[in-house]
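Please keep the sequence and the 3D view at hand while reading.

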Amino acid sequence: MKRRHFIRNTALGTLTAAVGTDIVFGRLIPEGYSLLALQDPDPFTLFSKDREMVVLNDRPWNIEAKAHLLDDKITPNKYMFIRNNGLIPEDIDVNSWTLTIDGEAVKKPKTYTLSELRSKFKSYTYQLTLECGGNGRSEFDPPAKGNQWTVGAVSCATWTGVRLRDVLEDAGITDKAVYIGYHAADVHLSRDPGKEPISRGAPMAKALQDETLLAFKMNGQDIPLAHGYPLRLVAGGWPASVSGKWVQRISVRDRVHDGSKMTGDAYRMPCNPVAPGEKVKDEDMCIIESMPVKSLITYPRSGAVIKEGRKLSIRGHAWAGELEVSKMEYSIDFGSTWSTCQLEKPANRLAWQHFSAEVSLPKKGYYEIWARATDSRGKSQPMLLPGWNPKGYLNNACHRIAIKVT
Amino acid sequence: MEEKEKFREQIRSIYRLLSTLLVLFVITVLGVVYLLNDPDLSFFRGNEVPQEYVAVTTEDDFDKIENGIHVRTGLKEAEGLMTVVNNCTNCHSAQLVIQNRMNEERWIATIRWMQETQNLWDLGKNEEIIVNYLVTNYPPKKKGRREILTDIQWYELED
């Protein structure tokens, strides 16, 4: 008790308050020393994220946005979800950072420094939709294993970098090339240096697309550390796990890449539909490629109360993986009737598209506004959960917000 | 002889009496001296000092429980808690455990996956304790094909 009085009565009191408990031997703290408890990372400061972002997991870091935070046409860093499989690399030295192209299907391995990549190849900027394969997982029944993402594991920032195709052509690939797989600097959760937290990739057709970049800028600035600084593979429209962060090596494989999280249930769906909860054999699982059509109402925030007779403006974004969104609709009556939204063209291929509508609500009461996008091949978002799968991927069910008219 | 014997007996009892008085006197003196130094008799309530320490250490406790929650990890206090803390929060955060709702079969499958690919050790007898803790405290929730909207924060939408 005496010790507490002592601490309360000294300058240590502030530190005590910050740590939330008494500091034993507080008198002995050297000047200028920062307590470990205070180094304890506040993710919002650490990653420059908005305080409304939701932390799902702090080891590894997994943080998602809420629908209304994604209202910007180009997602700023503060509202961009973080999905990490391992620990963020420490002590990154940009000057010594290299990218090596190797694998069974390269003529000879070749290594580039970052400045070589920048000077040797032309840079391109695209706005690219990156959505976590497990976005929406929290809705599956029976529950699916993993971080329980709701709706906010999606972003559409601009990415600047060189085309992977240009680099691969320069390195020289053979006709045996089937798939690329990335290897990165992040650290396995067990800290076992022999294990990679994640090493995924894409078939050559995706690797060679114009928009598949080795990016060094996001929204015109250095890529934030949590998003892959200093070099990130970016493959828009596919599960964001294809867009490897902190990339050091790209292997051009003569087979489907078999790195960490390319096999088992990870980022794979049952090749044929299964009943909820059904066991699926390993050989009956297929790798996810393009993400499905989906949309989000980003304005207003769910829970808006408006006066009777007033029109309600809604807006948001829609995307369709490799495809374009061709139609956007909303319903105020649980899908009995649908009205068309105005839909903009994407800034470039693989960028999300913005929609808006003026909604009339006929009388007082509770409403839900449901949004439904349709892709260029005529596939629409389901109102109910799509096919159950062991890891709860690809939930593209309609987004909805609650509105009250008074 | 009898007279002599009686006399000796009297001497012995006087001696005993004097010895007893001396012992009592010494005890009294020691008692008074002690009381002058420690009027609260705190020496004989020695428990109190450790009790104070116990109270303080509880507050600083690394494994503090508050409202049925293990503060450091957020896990519920229940049978098997520390086994879960010690085996399941070394690599990943307890937040990953808490988010997930699985039955016994799927928790075991998850443990096998972690053992095969993520360097999780053999849990031995602890496996049953861990799985029991998880299915008891974090059971799957029925959600159906689409849940109703909950936790709506109503607000006046300005023009």
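A disulfide is here a pair of cysteine sulfur atoms within 2.5 Å. The model is a predicted one, in which local features need pLDDT of at least 70 and side-chain atom pairs count only at pLDDT 80 or more, whereas totals for chains, interfaces and linings use all residues. Residues are numbered from 1 along each chain as its sequence is written, chains are lettered from A and ligands numbered from 1 in the order in which they are written, and side-chain values use heavy atoms, with hydrogens and water left out.

**Cysteines**

Over all chains, the structure holds one disulfide. This link joins A:Cys271 to A:Cys286, with 2.0 Å from S to S, and it is right-handed, with 105 degrees about the S-S bond. The pair connects distant parts of the chain, 15 residues apart: A:Cys271 lies in the loop between β14 (268-270) and β15 (285-287) of chain A, and A:Cys286 lies in strand β15 of chain A. Strands (E, at least two residues) and helices (H or I, at least four) are DSSP runs, numbered from the N terminus.

The table gives relative accessible areas, where buried means under 20%, exposed over 50%, and partly exposed in between (1.4 Å probe, protein chains only).

| Residue | Relative accessible area | Class |
|---|---|---|
| A:Cys271 | 35% | partly exposed |
| A:Cys286 | 35% | partly exposed |
| A:Cys398 | 0% | buried |
| B:Cys88 | 16% | buried |

**Sheets**

Strands of a sheet pair through backbone hydrogen bonds, either parallel or antiparallel; two strands count as paired if DSSP finds at least two bridges between them.

In chain A, five strands form an open sheet of mixed pairing in the order β5-β4-β13-β8-β9. Its edge strands, each pairing on one side only, are β5 (110-113) and β9 (201-203) of chain A. Strand β4 (residues 98-102) of chain A pairs with β5(A) in the antiparallel sense over four bridges, and A:Leu99 has A:Tyr112 in β5(A) as its bridge partner.

In chain B, an open sheet of three strands has antiparallel pairing and the order β1-β2-β3, with β1 (65-66) and β3 (75-76) of chain B as the edge strands. Two bridges join β1(B) to the antiparallel strand β2 (residues 69-70) of chain B, where B:Glu66 stands opposite B:Ile69 in β2(B).
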